[in-house]
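The sequence and structure come before the text.

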Amino acid sequence: MGTSVQVTPLSGAYGEGPLCYLLAVDGFRFLLDCGWTDLCDTSQLQPLAKVAPTVDAVLLSHPDMMHLGALPYAMKHLGLSAPVYATEPVFRLGLLTMYDHFLSRWQVSDFDLFTLDDVDAAFQNVVRLKYSQNFILNDKGEGIVIAPHVAGHLLGGTVWKITKDGEDVVYAVDFNHRKEMHLNGTVLGSFVRPAVLITDAYNALNNQGYRKKQDQDFIDSLVKVLASGGSVLLPVDTAGRVLELLLILDKYWGDRRLEYPIYFLTNVSTSTVDFVKSFLEWMGDHIAKSFESSRANAFLLKKVTLIINKEELEKLGDSPKVVLASMASSEVGFSHDIFVEMASEARNLVLFTEKGQFGTLARMLQVDPPPKAVKVTMSKRIPLVGDELKAYEEEQERIKKEEAIKASHVKEEELKASHGSNAKASAPMVIDASSSRKSANAGSHFGGNNDILIDGFVPPSTSVAPMFPFFENTAEWDDFGEIINPDDYTMKQEEMDSSLMLGPGDGLDGKIDDGSARLLLDSTPSKVISNEMTVQVKCSLVYMDFEGRSDGRSVKSVIAHVAPLKLVLVHGSAEATEHLKMHCAKTLDSHVYAPQIEETIDVTSDLCAYKVQLSEKLMSNIICKKLGEHEIAWVDAEVGKEDEKLILLPPSSTPPSHKPVLVGDLKLSDFKQFLENKGWQVEFSGGALRCGEHITVRKIGDSQKGSTGSQQIVIEGPLCEDYYKIREHLYSQFYLL
């Protein structure tokens, strides 16, 4: 049998929920994404909780909540401890996304599902890979190679290729074949005939128009509202699709010389843009080339102001402005509060650039027809005062005393246990280490060994001779002296809070903005107050698709070109999933699956794979040719056995000659460029390449034999000197075996 492969959706199947799937390759268990919604409903993670401790590796594809939002919670509460693999942008921007989400939640609730420390712990050991980098797994995953490839959609977005014994499993969700202002299109179309393709049906029923017209309509909608004295709110994610929107706005504002202010408002907006400026090599080719030629960084935004609180907006009052605020769901965060302020004015516009998650405020506002009123909860954190502050301080003092008493009891028990039978027989008086250090003003380094002699000392009956109690100092030493525990010298929290003032870039490794860091380190006792209110929705509500995913027609075309042996469909509404499933079943020579949540399907290849060794005698007669990172050769051999292992041996008789084999994949566009460099006059005509006056080169096979058939290169024209020269040039593009 071939490589054993099983797929189990844990979330995001026959629905638009967060993406999370379990992939088993010969018993090695991959967790493909670990998403959560902005609602942070723990019941969504029940399927993950059942398998989290058994996961061997986690692969992250995109840096947003729907792909990695549950990672900190799963590692803290569900027993997930596997190494995590991602590209550098997914790691950095995913970290900022989780920071922004926590801060947005913490400001309006006593959020305790995870903390910033949990976020840091979850991302601390992420293994960062480059595009097309083959990473070989060890131990249980021996023989498995993983490699990230360009997916489009979000910066650092990844199509994962997992290879075992020559068979490929490709995980490609939320990809985009189109080039955008800051991203290249996906390379998924370059994969041919993988054993398994896992992809989504999210956009199977949607078709998109031309991008330039879409951008134009988007800008026109904004300008129309601004010119009438209104303001525009765009609920956006933290560090995903918002990057494309920022470039579009910055470009068109500059081209049209518009002066309306644009604000990008998240808890980590400045950190986000600072990191993105250093990720130019992960963006589109045109951005990298522009930087190389003119040192122009696309994200040196000239028309966009980065802010991390609402004070700047409040200074402007009701003057026209554009605000891009997190979060896209408008469930919490700045976008939620700004919507409540803008909704009552008919001249304002709330423009959604992506579909809202189910159950969130954004989804409620995107229904047709839009609601005339919605109920919202307004919450904010305020400092404690008066009796509440006094009660809080008394409670904290009581807790500290209880902890001190408990620690003292534990210390006494440890000392008694260390004395053993001697302590029981002689009952020596022991001075507590903590009180000893206090009375001596921290003058002793051996506070735990301060026993004293008193009258009435009675030696134990088991001792050979009476002696004073002696406890050996077991502290570890190095070349610089005794190794200390830094926690013993840490300042108390209240002392730290009163004396510590953070500067820009300090705190949390410079990952969050100065204002957000100050907010977190403000230890003033506080509470959250909430009140429900009904908001009259008089403003305009518009949805425009800027999600950056391939549409239904393109998804079908890409799948047909890749032509996997087995296709697994996930993440999409039931209607979209069934539609794409039926389409692929009719048009592809593939097995098509669409599993439900927690349904395990076996997509093991029907091919048989064997491992063989090449004998030294055979290898000495082989002439290899370099092909990229590999070497290839034609081998005639016989299969034998040696020590229960299959081995290839030289043939016992002279093998028959074989037809020449041309190895390679020729693109006519590349061949055209090659011939032009050689001085030939070349042009495309009717899908074929016309070389000079008489010779035509065309590629056939896709239409005549289907996408899975072998392709042929045909040279048409009279047998003349040009014919043989073109043929020679054509052969030079291949490896001849």
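## Helices α6 and α7

In this predicted model, helices α6 and α7 lie roughly perpendicular to each other. The angle behind that label is roughly 65°, and the class roughly perpendicular covers 65 to 115 degrees. The axes come within 11 Å. Helix α6 spans residues 211-227, and helix α7 spans residues 242-256. The crossing of α6 past α7 is right-handed.

On the α6 side, the contact uses Asp215, Gln216, Phe218, Ile219, Asp220, Leu222, Val223 and Leu226. Helix α7 contributes Leu245, Ile248, Leu249, Tyr252, Trp253 and Arg256. Sorted by class, the contact of α6 with α7 holds 10 nonpolar, one polar and three charged residues.

Two packed helices are described by the angle between their axes and the distance between the axes.

By class, the contact of α21 with α23 has five nonpolar residues, one polar residue and no charged residues.

## The sheet β31-β32-β33-β34

Four strands build an open sheet, ordered β31-β32-β33-β34, with antiparallel pairing. Strands β31 (682-685) and β34 (712-716) are at the edges. Each has a single partner strand, so one side of each has no neighbour in the sheet. On average, neighbouring strands of this sheet are turned by 25° against each other, direction ignored.

Helix α21 (residues 668-677) packs on the sheet. The helix touches β31, β32 (688-691) and β33. Its direction makes about 155° with that of β31.

Strand β33 covers residues 695-700 and pairs with β34 in the antiparallel sense over five bridges. Isoleucine 700 has glutamine 712 as its bridge partner in β34.

## Strand β9 and its partners

Is strand β9 mostly covered or mostly uncovered? Strand β9 (residues 158-164) is mostly covered, with six of its seven residues buried. Strand β8 (residues 144-150) runs antiparallel to β9, and seven bridges join the two. In that pairing, alanine 147 stands opposite lysine 161 of β9.

Strand β10 (residues 167-172) also runs antiparallel to β9, joined to β9 by five bridges. Lysine 164 is bridged to glutamate 167 in β10. The hairpin of β9 and β10 has two residues between the strands. There, aspartate 165 takes a positive phi near 55°.

## Strand β1 and its partners

Strand β1 (residues 5-11) has six of its seven residues buried, so the strand is largely enclosed by the rest of the structure. Strand β2 (residues 20-25) is antiparallel to β1 and joined to β1 by six bridges. Threonine 8 has leucine 22 as its bridge partner in β2.

Strand β1 also pairs with strand β24 (residues 601-602). This pairing is antiparallel and has two bridges. Valine 7 stands opposite isoleucine 601 in β24.

## Two buried residues

Threonine 360 lies in the loop between β16 (349-352) and α12 (361-365). Its relative accessible area is 0%, so threonine 360 is buried. What does threonine 360 contact, leaving aside its neighbours within four places in sequence? Its contacts are Leu39, Ser329 and Glu331.

Tyrosine 85 sits in strand β5 (residues 84-87). With 7% relative accessibility, tyrosine 85 counts as buried, because buried means under 20% relative accessible area. Not counting residues up to four places away in sequence, tyrosine 85 touches Ala57, Val58, Leu59, Leu60, Val127, Leu129, Phe135, Leu137, Ile146 and Trp160. Phenylalanine 123 is 38 residues from tyrosine 85 along the chain. Their C-alpha atoms are separated by 10.0 Å.

Technical notes. Residues are numbered from 1 along each chain as its sequence is written. This is a predicted model: local features need pLDDT of at least 70, side-chain atom pairs count only at pLDDT 80 or more; totals for chains, interfaces and linings use all residues. Side-chain values use heavy atoms; hydrogens and water are left out. Two strands pair if DSSP finds at least two bridges between them. Axes are lines fitted to C-alpha atoms, for helices over the stretch in contact, and angles run from 0 to 180 degrees between N-to-C directions. Contact means heavy atoms within 4.5 Å. Ala, Val, Leu, Ile, Met, Phe, Trp, Tyr, Cys and Pro count as nonpolar, Asp, Glu, Lys and Arg as charged, and the others, Gly among them, as polar. Angles under 35 degrees count as roughly parallel, over 145 as roughly antiparallel, 65 to 115 as roughly perpendicular and the rest as oblique. A crossing is left-handed if the near helix is turned anticlockwise from the far one by less than a right angle, and right-handed if clockwise. Buried means under 20% relative accessible area, exposed over 50%, partly exposed in between (1.4 Å probe, protein chains only).
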